[in-house]
Structures are given as C-alpha cells and as structure tokens.
Amino acid sequence: MNDYYEILGVPRDASADQIKKAYRKLARELHPDVAGPEAEDRFKDVSRAYEVLSNPDKRQQYDLGVDPTAPGGGMGGGAGGFGFQDIFETFFGGGQAQQGPIPRARRGQDALLPLDLELPEVVFGAKKDVPVETAVVCTECGGTCCRPGTTMHRCDVCKGAGSIQRVQRSFLGQIMTTAPCSACQGHGTVIPEPCQECGGEGRVRQRRTLSVNVPAGVETGTRIRLTAQGEVGPGGGPAGDVYVEIRERAHPTFVRRGDDLHCTLEVPMTAAALGARMTLETLDGEQEVDLKAGTQPAQVVTLKNLGVGHLNGSGRGDLRVHVDVSVPTALDDEQAELLRQLAALRGEEKPEPKLAASHGGVFNRLRDKLSGR
Ligand SMILES: [Zn+2]
Ligand SMILES: [Zn+2]
C-alpha cells in the first residue's frame, strides 16, 4: 500500500489545511504542463494521496489499513462522487474550455508543391500547368454536408450550445465544468441525413490542374503562393493556399549566377591571336560575338541584357562569355614548320621565363571567374 503521508510529505497527524497546502505545492511542481510527461506518474500518486487524505472518511479508512482507491476496496471511491480525475481537472481548469459551439466549417490545409523549371523558363518566365489532388467543395450538397433537400438541426442535447455544463463541489468550492457535447461533438448541430456524395464532409477529393504564372527571375527555393487553391476545409470550409516551390534544373551550357548567365567559349589559338567574329547559340537565339585580335585565355566578353530577367523590376542580367583558348595538340609537319617560322619571326625560339605581376595574369583572371566577377 502506498504511504500517502510520505507522498505528500506531511506528518501522520497533519491538519486538513497542512494536507491541502502540501498537495497544492506538489501539484504545481509536478503538473505535466510544467514538469513534463516524466512527472506524470508522481503527479498521479500525489493526486491520489490527496484524494484519500483530504476526505475525512477515506482518511480514517486509510489510517485503519484499507486503501479506499484500490479496486473493490473501501468505499468504492463513489461515495463522495469525486474521483481523483475530477480533482485533476477542476484544480487546473480541465484543459479546453470551449466558448460556444465548434464551427463545422474549418479552413483547409495549405499545400506545398515542387515545380521543376528549365533554365529558359527561369530566364524568361513561364506559364506552367501543375497537377494537384486536393479536396474541393462537394457539388452535390454545396458544402452543407446535408443530403440535398434536408438541413442541419439544432442539437437537442446541448440546445445548440455545443457544450454541457456540470456543477461540482471541490475543496475550492463549487466549480463549473464544461465539456463538449458528445451528441454533436461540440458543433451544436446535428446532420440528420448526411450527403451521400461526400459522406457529410462537405468536400470531395479531386484531381485538377493549376495554371501557374512563373515570373522571370525565380530561383531554387522561391515560393509562389496561389491563394485559396489548396484543400477545401472540413464542412466545406475555406480553402488553404498552395505554395509552388521552384527547383531549377541545370543547363548543359549555361550556368546562372545571380541574374547573370555564364558560358565558356572555346577559341582556337589562331582565332584568339588574329581576332574573329563568331556566332553563338544563346537562349535568345544566335548572337554575334566579336573577338578582338589578341584575345587572352579567361578573358570575358559581356553580352548585355541576355541574362535572367530581374524578378523585382524590369530588365535582365548579362550573358558573360568566358574565353578558353585551345592550343593545338596534334600538329603535322607542315603546321609545326609554320609555327616554328612564326616563333623565329617573333624571336620566341627560346622564350625568356617571365613571371606575371601578382595582380594580373591568368591566375587572377581565373580567380575572378570563379568568384563570378
Ligand atoms: Zn456533399
Ligand atoms: Zn450537442
């Protein structure tokens, strides 16, 4: 048998007042809302101890060696009409005090849909169709949940209040407890004949297609909100929102950094030296690129306004073409002879080692390239 005096930490001759004080102190410390679920067992022990020791009859019984809370023992716990669960609820207000009936119609859930986009769609914006399966208002009952031709009735049990009040007596005096009406689940209304189509839910599931206007300039992680395109709520309640989350697919040629696009153009050594006019296949179609004579490796040619459209505002970023000079590898005899002649003409048969300045040279340009400048 539990030692209820020890559990409450009071002497065996404690007064009713001492017991009450000890219990209230412990109950505050051990309440699951404060002490967490681990303290729940101790909290129940303390509550049970108080239930026994606060009741003069039960306390007397307990002092005689009978636990009145044990199943089948003592006074069956019903004599006072007040079990420890009631103390639990009345002392702490019993949790949810519902004000008025619970509305049947509630707002539906939001939905998050991923949307994969190709680079041109991100650059120019796009109109996309996104399939969704959500709850929509039941057309049979129009969201009323009732079979057509019938209506909801006021709940007879709670008279439409949605809750039932009980008056109980406790050590704190009379306490009014309110519990949701079980006849109507707290709604205050009953549906005598539920709609057959939706089973009285007011909504049905449906596949449909959402049309999404994707503006230029979105990027991975951008969310586009489609107001009230989500789930219709229970009881035909207002629909939640749909959020479309963008995911950019990689492009085989162009890389996006901010609103600029970058690409690499391979240029033969001779074209870099002599200069050339080249035609590039960009996302905007063919574009002319002018390579000046003496174009260097890693040099960047900027094509204005051929980048990604700015999301907030007009205009576009740039297309930045990084030049990669390719040095010929498999020279035949004639080509090698020509290059040797060129080297001789330029006095480069035995080139002097020359270190570039730390602020210039290919290494720096490469670093700029990597950091997106
Ligand atoms: Zn219906
Ligand atoms: Zn009711």
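**Close-up 1. Helix H8 gives the largest share of the lining of the largest pocket, five residues.** This is a predicted model. The pocket holds about 530 Å³ of space. Its lining has 18 residues, and those closest to the centre are Met269, Thr270, Ala273, Leu342 and Arg346. Two elements each give two or more residues to this lining: helix H8 (269-274) and helix H9 (333-345). Sorted by class, the lining of the largest pocket has 12 nonpolar, four polar and two charged residues.

**Close-up 2. Valine 214 sits in the largest nonpolar core.** The core has 35 residues. Val214, Val244, Ile246, Leu319 and Val321 touch the most other members. Which residues does valine 214 touch, not counting those up to four places away in sequence? They are Leu115, Leu117, Gly125, Ala126, Lys128, Ile224 and Ile246. Another core lies apart from the largest one. This other core has 19 residues, among them Tyr23, Ala49, Tyr50 and Tyr62.

**Close-up 3. Aspartate 318 lies in a loop between two strands.** Strand S14 (300-303) comes on one side of the loop, and strand S15 (319-326) on the other. Is aspartate 318 buried or exposed? Its relative accessibility is 14%. Buried means under 20%, so aspartate 318 counts as buried.

**Close-up 4. The side chain of aspartate 318 has a polar atom 3.0 Å from the backbone nitrogen of asparagine 305.** Asn305 is also one of the residues in contact with aspartate 318, leaving aside neighbours within four places in sequence.

Definitions and conventions. Residues are numbered from 1 along each chain as its sequence is written. Chains are lettered from A and ligands numbered from 1 in the order in which they are written. This is a predicted model: local features need pLDDT of at least 70, side-chain atom pairs count only at pLDDT 80 or more; totals for chains, interfaces and linings use all residues. Side-chain values use heavy atoms; hydrogens and water are left out. Helices (H or I, at least four residues) and strands (E, at least two) are DSSP runs, numbered from the N terminus. Buried means under 20% relative accessible area, exposed over 50%, partly exposed in between (1.4 Å probe, protein chains only). A polar contact is a pair of N or O atoms within 3.5 Å; within protein, one must be able to donate a hydrogen and the other to accept it, and residues adjacent in sequence count only if both atoms are side-chain atoms. Contact means heavy atoms within 4.5 Å. On a 1 Å grid over the protein atoms alone, a cavity is a set of points where a 1.4 Å probe fits but cannot get out, and a pocket is an open set with protein on both sides within 12 Å along at least five of seven lines; lining residues have an atom within 4 Å of a point. Grid points are joined across faces, edges and corners, and a volume is the space filled by probe spheres set on the points. Ala, Val, Leu, Ile, Met, Phe, Trp, Tyr, Cys and Pro count as nonpolar, Asp, Glu, Lys and Arg as charged, and the others, Gly among them, as polar. A nonpolar core is a set of buried Ala, Val, Leu, Ile, Met, Phe, Trp, Tyr and Cys residues joined through side-chain atoms within 4.5 Å.
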